[in-house]
Amino acid sequence: LNPNASFTIQFKVKTNTLPSNVYSKSIENQATTTDGYSSNKITFNVVKPNFMLSLTSSPSGGSSASAPMLLGINQEVDFSLKLENKGSASIKPPINISVPVPSGATFVSASSGGTNSNNTIKWTINSELASNGSNTLSFKLKVSDISSGSTKDFNVYCTDGAINSNKLYFKGAKAGFVSSFSSSPTSTPPI
């Protein structure tokens with residue numbers, strides 16, 4: 001190659017099949033010449049498009065940090081987590097799901113053998129999730145004591161370590177706190 005000259009090489013890569021219980025993997029590419037020169041590294045994530053996590057709650061959590069659901073101290077929230085396999089092949093066990101319990105909330109209960117350890121709710125699903133199948137897990141959190149200030153913002157989400165569910169947003173408020181962003185036409189204290 002002449003001084004100040006360049007040329008471009010283009011290539012395609014195809015990812016191999018991920019193991020049945022692995023839903024994403026980081027892959028790093030870097031070109032190296034025979035005389036030891038290396039290109040920059042490019043890293044990208046390969047994600048199985050067939051596994052989905054979706055979270056709902058009652059009362060309904062806000063969809064953004066700027067519009068959280070207002071809750072009172074000790075108010076409980078029921079959560080439902082739907083696991084869906086949209087792919088054409090079954091997902092083999094174990095399927096590990098976790099929920100970090102945020103500051104501002106405390107664990108109350110979990111269905112289907114879910115346990116709370118170090119403020120993380122964990123499930124290990126030891127059954128296959130069939131093609132186009134789903135499974136639903138539930139858990140309950142309670143707004144904990146708000147020791148400083150009059151409110152505490154927190155969000156809740158679920159993960160399998162690679163894929164996260166949607167986040168739901170809440171604002172815990174001390175008794176008597178009046179919110180200027182209440183969903184009713186007039187501001188009211190939390191229940």
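Which residue in β9 is the bridge partner of V99? The partner is I121. This is a predicted model. The protein has twelve strands and zero helices. Its 191 residues include 31% that count as buried.

**Overall make-up**

- Read from the N terminus, the elements run β-β-β-β-β-β-β-β-β-β-β-β.
- The accessible surface is about 11700 Å². Carbon and sulfur atoms hold 48% of that surface.

**The four-stranded sheet**

- Four strands form an open sheet in the order β3-β5-β10-β7. The pairing is antiparallel.
- The edges are β3 (51-58) and β7. Each has a single partner strand, so one side of each has no neighbour in the sheet.
- From one strand to the next, the twist averages 30°.
- Strand β5 (residues 76-85) runs antiparallel to strand β10 (residues 134-143), and nine bridges join them.
- F79 has F139 as its bridge partner, and L83 has N135.
- S109 stands opposite K140 of β10. K140 returns below, under salt bridges.

**The three-stranded sheet**

- A second open sheet has three strands in the order β6-β9-β8, with antiparallel pairing.
- Its edge strands are β6 (95-100) and β8 (115-117). Each of these pairs on one side only.
- Neighbouring strands here are turned by 30° against each other on average, direction ignored.
- Six bridges join β6 to strand β9 (residues 120-125), and the two strands run antiparallel.
- The V99 to I121 pair belongs to this set, with I121 in β9.

**Salt bridges**

- Side chains of opposite charge can pair when their charged atoms come close.
- The whole structure contains five salt bridges.
- K140 pairs with E76, with the closest N and O atoms 3.5 Å apart. The two lie in distant parts of the chain: K140 in strand β10 and E76 in strand β5, 64 residues apart.
- E76 is partly exposed, because its relative accessible area is 37%.
- K140 also meets D78, at 3.4 Å from N to O. D78 sits in strand β5 and K140 in strand β10, 62 residues apart.
- D78 counts as partly exposed as well, because its relative accessible area is 38%.
- D153 and K171 form a salt bridge at 2.8 Å, N to O. D153 is in strand β11 (residues 151-156) and K171 in strand β12 (residues 168-173), 18 residues apart.
- D153 is partly exposed at 48% relative accessibility, whereas K171 is buried at 11%.
- Shared partners join E76, D78 and K140 into one network.

**N-terminal segment and nonpolar patch**

- L1, F7, I9, F11 and V13 make a nonpolar surface patch of about 640 Å².
- L1 is found in the segment before β1 (24-29). L1 counts as exposed because its relative accessibility is 75%, and the cut-off for exposed is over 50%.
- N4 is also found in the segment before β1. Its phi is near 65°, a positive value in a residue other than glycine.
- N4 is exposed, with a relative accessible area of 86%.

**Backbone details in loops**

- The peptide bond from S58 to P59 is cis, with omega near 0°. P59 lies in the loop between β3 and β4 (69-72).
- N118 is not a glycine, yet its phi is positive, at about 55°. N118 lies in the loop between β8 and β9.
- N118 counts as exposed, because its relative accessibility is 74%.

How values were computed. Residues numbered from 1 in each chain as written. Predicted model: local features only at pLDDT ≥ 70, side-chain atom pairs only at ≥ 80, totals over all residues. Heavy atoms only, no water. Patch = residues over 30% accessible without salt bridge, like charges linked within 9 Å, V, L, I, M, F, W, Y side chains within 5 Å. Areas by Shrake-Rupley, 256 points an atom, 1.4 Å probe, with all protein chains shown as cover. Salt bridge = Lys/Arg side-chain N within 4 Å of Asp/Glu carboxyl O. Buried < 20%, exposed > 50% of the residue type's maximum accessible area, 1.4 Å probe, protein only. Pairing = 2+ DSSP bridges. Axes fitted to C-alpha atoms, helices over the stretch in contact; angles between N-to-C directions.
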